[in-house]
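Reader: Hello! I would like to learn how to read features from a structure file, one at a time. Could you show it to me first?

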Amino acid sequence: SVSNIVPESCLLIVVGLLVGGLIKGVGEKPPILKSDIFFLFLLPPIILDAGYFLPLRPFTENLGTILIFAVVGTLWNAFFLGGLMYAVCQLGGPGLNHIGLLANLLFGSIISAVDPVAVLAVFEEIHINELLHILVFGESLLNDAVTVVLYHLFEEFANFEQVTILDIILGFLSFFVVSLGGVLVGVIYGVIAAFTSRFTSHIRVIEPLFVFLYSYMAYLSAELFHLSGIMALIAAGVVMRPYVEANISHKSHTTIKYFLKMWSSVSETLIFIFLGVSTVAGHHYWNWTFVISTLFFCLIARVLGVLVLTWFINKFRIVKLTPKDQFIIAYGGLRGAIAFSLGYLLDYEHFSMRDMFLTAIITVIFFTVFVQGMTIRPLVDLLAVKKKQETKRSINEEIHTQFLDHLLTGIEDICGHYGHHHWKDKLNRFNKKYVKKCLIAGERSKEPQLIAFYHKMEMKQAIELVESGGIGKIPSAVSTVSIQNINPQTLPLERVLPALSKDKEEEIRKILRTNLQKTRQRLRSYNRHTLVADPYEEAWNQMLLRRQKARQLEQKMNNYLTVPAHRVDSPTMSRARIGSDPLAYEPKDSENLPIITIDPASPQSPESVDLMSEEPKGCSGLPPSPEEDEEGLVMRVKEPSSPGTDDVFTPGTGDSPSNQRMLRCLSDPGPRPEPEEGEPFIPKGQ
């Protein structure tokens with residue numbers, strides 16, 4: 001119940017205080033956390049564990065935000081705090097007057113950096129969402145380069161009699177040397193580790209050893225040249241992981257995972273216990289003005305820095321950082337053992353106020369770890385900040401993620417905008433084409449990412465089944481690949497693709513070159529006046545119009561009962577009425593009746609439909625007569641039925657479905673329009 005309220009780091013510091021008090025109570029001198037022990041043995045396992053298992057996708061997507069917080073934010077904190085503390089020392093009385101500007105700036109650079117060990121210890125317990133966790137933790141990892149540069153810079157400047165502009169410019173350039181140099185050292189050792197793991201298939205036992213050995217060598221090599229050892233470790237872990245995991249066995253992967261977790265946990269425990277012991281054992285010089293001012297200005301600098309930088313960052317982010325997020329980022333800026341160790345490294349000869357600095361550093365560490373660390377969990381619950389959702393990745397999610405990556409890359413490609421999706425795609429292509437073939441052994445180098453992810457999931461599922469003892473009762477939904485992956489079989493030979501001749505290949509390339517659109521080709525600007533007319537466009541439009549008219553006529557004939565009659569009868573209807581009873585219906589203008597002529601060569605025309613007894617020329621099976629040739633369309637009279645036949649049930653020769661439908665239409669042609677002027681209401685003869 002205590003661990004639900006108090007973070008583990010606070011409990012460990014309390015244990016260290018109790019142990020230090022007991023050791024001092026029996027008359028012994030308690031051990032102090034020496035900087036060499038901390039930087040050489042306790043810090044590297046924690047950073048390697050963080051770098052090796054770094055969630056790469058959210059880290060790279062938010063890299064710009066992380067770098068702004070880590071570089072600009074740390075510089076702001078260091079100079080703001082150092083300048084204000086120098087002002088406090090000038091106004092604080094005789095005990096503080098001798099502390100100069102460089103000493104205060106050095107103190108500001110030590111206390112300004114967010115500590116990765118403290119952030120990991122607190123943020124992993126409150127299960128904050130992935131975005132906030134990677135922002136605060138990424139800042140704590142990458143601000144090491146700024147801290148190292150400022151620390152060594154002000155330490156060197158303190159020994160100079162006069163600091164010139166050239167020294168300041170060289171100090172500014174040394175930041176790039178320290179940060180990029182550390183990354184370069186880590187990348188080199190990561191590539192060497194991946195290349196070595198390619199040849200360890202016969203000695204699986206020592207595979208984890210190479211990961212730890214090369215990572216530690218990267219850290220020591222960077223520290224040897226005063227580069228950023230933390231950035232070297234992170235770069236080595238990020239670079240080697242995908243290639244090493246493809247080469248090593250599953251047992252070696254499990255060994256690396258759990259050994260790193262155990263090693264980092266032990267180091268973290270020792271660091272916080274030693275912090276408590278060193279607090280009891282160290283020499284302290286308490287100055288109320290200096291300590292309280294340090295604590296107050298630390299909080300003010302952090303809040304102001306986060307607010308100003310977030311206002312600037314949100315102008316470029318798609319997913320904006322809300323006020324709740326800004327509060328958690330500002331509140332999560334915890335200080336830890338790195339600041340204590342850097343303060344402990346100060347030399348008494350040049351910094352006589354070292355004990356006062358250490359007292360203020362320990363006070364800030366205790367306040368951030370105890371007060372902020374204990375209250376951040378209820379504040380997260382109170383503000384309803386989004387928590388981390390523990391979900392297993394699925395094949396479906398992986399497919400959609402890759403699809404969206406390709407889609408965004410294509411959109412950037414078409415727009416001509418070289419965003420991070422474009423460069424990420426370039427890097428993936430280079431990695432797949434060259435790097436994987438050199439660093440991954442066997443067929444795994446050619447395996448697509450989705451297939452590799454599927455095999456990884458299946459292997460994990462199979463191992464879980466074996467460990468749970470459920471191998472005898474495997475559900476039907478479980479793929480048999482799980483069982484096959486436990487005892488991998490020999491891979492089948494690659495399918496040989498049919499070889500193409502040079503001429504055929506050249507012909508295919510020519511077709512593709514002429515037909516595929518070149519997305520990178522810049523097109524000339526155009527307007528509607530310079531467009532070239534398409535010669536086929538007019539003919540195509542005419543054909544579409546003809547088809548549309550035919551479709552409309554057919555629809556009218558099918559739905560004639562529901563469509564109101566037109567005011568003017570069509571020629572076909574007029575002839576039908578005249579043929580049925582010439583005396584009963586006299587058209588007004590019989591001389592102007594149009595004559596329908598049908599060309600038998602165009603059966604697609606709407607006029608060629610078989611209506612009632614109308615037939616096109618030459619379509620009745622008999623040779624057309626000269627009279628029919630002149631008339632164009634002939635009205636044939638239906639022959640009367642014989643006396644013994646049933647007119648209703650005996651189908652006639654012209655009783656096709658379309659003819660019957662037409663007869664129904666003629667028998668009830670629908671609502672008639674109002675009689676026009678001059679037209680008799682009752683037809684003649686009735």
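Reader: Is histidine 127 buried, partly exposed or exposed, and why?

Author: Happy to start there. This is a predicted model, so to speak of a local feature we need pLDDT of at least 70, and side-chain atom pairs count only at pLDDT 80 or more, while totals for chains, interfaces and linings use all residues. Residues are numbered from 1 along each chain as its sequence is written, and side-chain values use heavy atoms, with hydrogens and water left out. Buried means under 20% relative accessible area, exposed means over 50%, and partly exposed lies in between, with a 1.4 Å probe and protein chains only. Histidine 127 counts as partly exposed because its relative accessibility is 45%.

Reader: Where is histidine 127 found, and what is its phi?

Author: First the general idea: most residues other than glycine have a negative phi. Histidine 127 has a positive phi, near 55°. Histidine 127 is found in the loop between helix H6 (116–126) and H7. Helices here are DSSP runs of H or I with at least four residues, strands are runs of E with at least two, and both are numbered from the N terminus.

Reader: What phi does histidine 226 take, and where is histidine 226 found?

Author: Phi of histidine 226 is near 60°, again a positive value in a residue other than glycine. The loop between H9 and H10 holds histidine 226. Histidine 226 is partly exposed because its relative accessible area is 47%.

Reader: How do I read the span of helix H9?

Author: The expected span is 1.5 Å times one less than the number of residues. Helix H9 (residues 207–224) has 18 residues and reaches 26 Å from its first C-alpha to its last, close to the expected 26 Å. The buried residues of H9 include Val211, Phe212, Tyr214 and Tyr219. Counting a contact as heavy atoms within 4.5 Å, the buried residues of H9 pack against helices H2 (35–52), H8 (165–197), H10 (229–247) and H11 (250–281).

Reader: How many cavities does the structure hold?

Author: Rolling a probe the size of a water molecule over the atoms shows where empty space is left. On a 1 Å grid over the protein atoms alone, a cavity is a set of points where a 1.4 Å probe fits but cannot get out, and lining residues have an atom within 4 Å of a point. Points are joined across faces, edges and corners, and a volume is the space filled by probe spheres set on them. The structure holds 6 cavities of 30 Å³ or more, and the largest cavity has about 90 Å³ of space. Of the 13 residues lining the largest cavity, the closest to its centre are Ala113, Val114, Asn143, Thr147 and Ile338. H7 gives the largest share of that lining, 4 residues.

Reader: What does the side chain of threonine 359 reach?

Author: A polar contact is a pair of N or O atoms within 3.5 Å; within protein, one must be able to donate a hydrogen and the other to accept it, and residues adjacent in sequence count only if both atoms are side-chain atoms. The side chain of threonine 359 reaches the backbone nitrogen of tyrosine 285 at 3.1 Å. Threonine 359 is found in helix H15 (residues 354–383), and counts as buried because its relative accessibility is 5%.

Technical notes. On a 1 Å grid over the protein atoms alone, a cavity is a set of points where a 1.4 Å probe fits but cannot get out, and a pocket is an open set with protein on both sides within 12 Å along at least five of seven lines; lining residues have an atom within 4 Å of a point.
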